[in-house]
Amino acid sequence: MSIKVYSWLSTALEGLPQRLPGASLIYGQKGLGKQRLARAISQSLLCQNSSGSGFPCGTCDDCHLFEIGNHPDFRLLQPEKDADENAGSRPAKSAETKKASSSISVDAVRDLSQLTTTASHRGGAKVVMISPAEALNSSAANALLKMLEEPSWNTHFILVAHDRNRVLPTIRSRCFQLPVKVPPSTEGTAWLKDQADERAEIALALASYAPFAALELTKDEEFWNNRQTLMARLSDPSADPLELASVSEKLEPRVVGRILSMWVFDLLVLKQGGDVRYHRDMQSELEHMADIVAGPELCRWSDEVRAYSRAAEHPLNRRLALESLYATWPGFKSRVSESHYW
């Protein structure tokens, strides 16, 4: 099973009890491969020759049925908008078919009753995987809770959550909780360099050190072009704050916050005589900006970036928030301090 090559997922598997309970919650930040882990566990529960270690054999009839997305004793519950990201699995039915939804409906949960209340087709376990569990709307969560309170024999629920605090507490309390932790940066970088290119280190930092999220980022050329444009504008003392806001709108708010935080960090390190850590491809631009912007001004703007990052996901007016942020950037010609050094 390919999950064996991901050491941080294998480490998480070591936390599984020898006998898996009826419901489990796998949680951790987005981009760590929790879906892969959940699928491996699901397949292992259905496998005829599973060793009980979380790894299926990959060769039996049940494994073959699972891998082609046609195992009769497995259901995947997910938002319709995520369906294409899970090719090879058999999604549960949903009544909300008019447009792709970002939530999991109560009807989708109720449709599980046929699986949970009837005998296994293959004579073994029955498995329901729900990902992400936060997508369950209120009615769906309560319907699932009822199923967990009245468990069917040999039926396993595998829930995946990016933020377990958004999962109904009464559901969490009925689940064995398995955390997936961020691997050490050296480990993540080494793995990513084998998969991608020289942008591995910066991509990993921008993705909060989640390897799979970073891998997706390395493939997004539009992102790297927009980042390059943003960095170039920040390095230009005559740039327009409105233009910077326009470029930033093309990027995710969370990522903008990380780009700018790392930008300020690199500048402050340079002013202390250190080396650029993150934006290494912008070395010359950073060195130039470090020469003309005062350290105290950078520290004050770093506070502005942190304030933006805290509100980035839910600003009342994102464009206004960006314009306000860049209006205070000390690197613009009109704001450059006369004192270039600490």
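Strands E1 and E4 run parallel and are joined by 5 bridges, where strands are DSSP runs of E with at least two residues, helices are DSSP runs of H or I with at least four residues, both numbered from the N terminus, and two strands count as paired if DSSP finds at least two bridges between them. The model is a predicted one, in which local features need pLDDT of at least 70 and side-chain atom pairs count only at pLDDT 80 or more, while totals for chains, interfaces and linings use all residues. Residues are numbered from 1 along each chain as its sequence is written, and side-chain values use heavy atoms, with hydrogens and water left out.

Within this pairing, Ser24 has Ile158 of E4 as its bridge partner. Strand E1, residues 23–27, also pairs in the parallel sense with E5, over 4 bridges; here Ser24 stands opposite Phe176, and Ile26 stands opposite Leu178.

These pairings belong to an open sheet of 5 strands, with parallel pairing and the order E2-E3-E4-E1-E5. Strand E2 (74–77) and strand E5 (176–179) stand at the edges, each with a single partner strand, so one side of each has no neighbour in the sheet. On average, neighbouring strands are turned by 15 degrees against each other, direction ignored, with axes fitted as lines to C-alpha atoms, for helices over the stretch in contact, and angles between N-to-C directions running from 0 to 180 degrees.

Helix H2, residues 34–46, packs on the sheet and touches E1, E2, E3 (126–130), E4 (155–161) and E5, its direction making about 175 degrees with that of E4; contact here means heavy atoms within 4.5 Å. Helix H6, residues 138–149, lies across E1, E3 and E4 and runs at about 140 degrees to E4.

Strand E1 is largely enclosed by the rest of the structure, because 5 of its 5 residues are buried, buried being under 20% relative accessible area with a 1.4 Å probe, protein chains only. Ala23, Leu25 and Tyr27 cover one side, and Ser24 and Ile26 the other, all of them buried. Across the protein chain of 342 residues, buried residues make up 48%.

The chain as a whole has 16 helices and 5 strands. The count of disulfides comes to 0, a disulfide being a pair of cysteine sulfur atoms within 2.5 Å. For Cys47, the closest cysteine sulfur is that of Cys57 at 3.4 Å, which is too far for a bond. Cys47 is itself buried, with a relative accessible area of 9%.

Conventions
Buried means under 20% relative accessible area, exposed over 50%, partly exposed in between (1.4 Å probe, protein chains only).
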